[in-house]
Amino acid sequence: MQDYWLSRLRQHAASRRSVLLGAAGAGVGLALTGAGAASAAAPSTTAATEPPFDFDTGNAAESVLGPFAGPVVVTAVGQGDATLIIRWAHMLELSWFDAIAPYHPTAVGIYTQLPRRPRAEAQTNRNKNIAILYASYHAFNSILPQHNQTWRAMLQSVGLDPSDDSTDPSTPVGIGNLAGKGVAAYREHDGMNQLGDQGGRVYNRQPYSDYTGYRPKNTAYELVEASHWQPAIVTKGNGIFQVQQFVTPQLQKVAPLSFTDLEEVRAPVPTASNHRNKAEYKAQVDAILATSAGLTDKQKMIAEFFDNKFESLGIAVGQAIQNAGLGLDAWVHLHAVVETATWDAATAIWWNKNIYDAVRPFSAIRHVYQGQKVTAWGGPGKGTVSDLPAEQWRGYLQVPDHPEYPSGSTSLCTAQAQAARRFLGTDQVQFRYERKAGSSVIEPGVTPRQDLVLSWDTWTDWLHDCGMSRYYGGVHFLPAIRASWEIGQKIGDHAFEFVQRHINGEAVLRTRG
């Protein structure tokens, strides 16, 4: 969602190793600065600057898609729009799994079950790459149909015909078409309202709009119920202010893929977020304020790194892949494992968020210390101040547009990490992320005060820092993070076992009831 593929989309024109290590100068390895222009130029310059794509030995998902999809994806979704990032990545990358399954000795598709092809057809990557590209073509046309001309150009760039709509399961074109269309057909009416037609709406459709009738108990202007979520007033700093809406609350209606009983991952009741438990509520608030007041440069950079889902989720899987030296089949299978994990984690967390509808720290601080001054981080470049009106407090990170409990980001990191380490058979990951002095997005020119390196040797360390990043950023209380570590691990296990059954040919076709 968001994983290695998405990070590659943003940086196709950069050095592969630099991208994976996040070392492409001043911390822009996977950020938009400089990447958008490079990626946007790639379709017209690739033929002149790079050798033709080698279908027999190459990886089309990695090498062909990037220069075309990159400019589209990074303008269509923001770095923090987790539910859409994860959904799109899941649809795309599970279409790859189904597209190569017929060429595998045992694998069966997750969304489609196509007949096995003779082993001789899998002696090279050619047929699998062709199937992957046609599957991607249909997945992209489902996700972002307004960019059909870009997806056509993607196929044409390597000599494939986008008008070839064959459904012959004995050919790689037919297999790819069937795989991509199969994933799209399943997901377009899975409860997320992707087409905007939920409830029979015909006119002026609004893709991904809420149809559940969710209404916050508080307005952005008045905290009536201090235990529950309050939409924030947010701005991009351009004089335009907006009131948050709960993003895709209907995700709670989507059935998880790798397990069936959501009660298995119900989070404990967040008693400290109940304002009637005054002592616990205030203690939770005071802990956030103390953390805000004591922020270090490293904590700020950790918060920024994990807030960018393209960077954080992408770079970890990318480094793990590089370390393992995976071939095409295993490369696709790992992506299927982690995308199943993150998608199911998002579904579970949004189900919980709808149940608890819990208050964010900024609202709780205003409730406890209304009319008083607090000691905390005073805003970009201000450091710690002791005369901050409670009503003006904000976390280091911009507050997300959904209820607080549990933590979505923490669950995504944990589910991904658990699924990946089960698949790879190791907790070792070992990667580093360099940030130059003053390269902060939130405090540019100020933070960090000197060059800084974030590094992780294990998935365990990485998922811990991912969770704590939300605490450092002031957007989550600790109970939300702890609950999400537990939920994410359970779902990571489910996802690995689910995909492994499909790899081993032990599963049956998934259908909607």
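At what angle do the axes of helix α12 (residues 309-324) and helix α16 (residues 459-472) cross, and within what distance do they come? In this predicted model, the two axes cross at roughly 175° and come within 12 Å. Because angles over 145 degrees count as roughly antiparallel, α12 is described as roughly antiparallel to α16. On the α12 side, the contact involves Lys309, Ser312, Leu313, Ala316, Val317 and Ala320. These residues meet Trp459, Trp462 and Arg470 of α16. By class, the residues of this contact comprise 6 nonpolar, 1 polar and 2 charged.

Backbone geometry was examined next. Most peptide bonds are trans, and most residues other than glycine have a negative phi. The peptide bond from tyrosine 405 to proline 406 is cis, with omega near -5°. Proline 406 is placed in the loop between β4 (384-389) and α15 (408-424). Threonine 447 and proline 448 are also joined by a cis peptide bond, for which omega is about -10°. The loop between β5 (428-435) and β6 (452-458) contains proline 448.

Positive phi values occur at asparagine 204, where phi is near 45°, and at aspartate 357, where phi is near 45°. Asparagine 204 belongs to the loop between α9 (172-187) and β1 (233-235). With a relative accessible area of 67%, asparagine 204 is exposed. Aspartate 357 lies in the loop between α13 (328-356) and α14 (361-368). The relative accessibility of aspartate 357 is 3%, so this residue counts as buried.

Methods
Residues are numbered from 1 along each chain as its sequence is written. This is a predicted model: local features need pLDDT of at least 70, side-chain atom pairs count only at pLDDT 80 or more; totals for chains, interfaces and linings use all residues. Side-chain values use heavy atoms; hydrogens and water are left out. Axes are lines fitted to C-alpha atoms, for helices over the stretch in contact, and angles run from 0 to 180 degrees between N-to-C directions. Helices (H or I, at least four residues) and strands (E, at least two) are DSSP runs, numbered from the N terminus. Angles under 35 degrees count as roughly parallel, over 145 as roughly antiparallel, 65 to 115 as roughly perpendicular and the rest as oblique. Contact means heavy atoms within 4.5 Å. Ala, Val, Leu, Ile, Met, Phe, Trp, Tyr, Cys and Pro count as nonpolar, Asp, Glu, Lys and Arg as charged, and the others, Gly among them, as polar. Buried means under 20% relative accessible area, exposed over 50%, partly exposed in between (1.4 Å probe, protein chains only).
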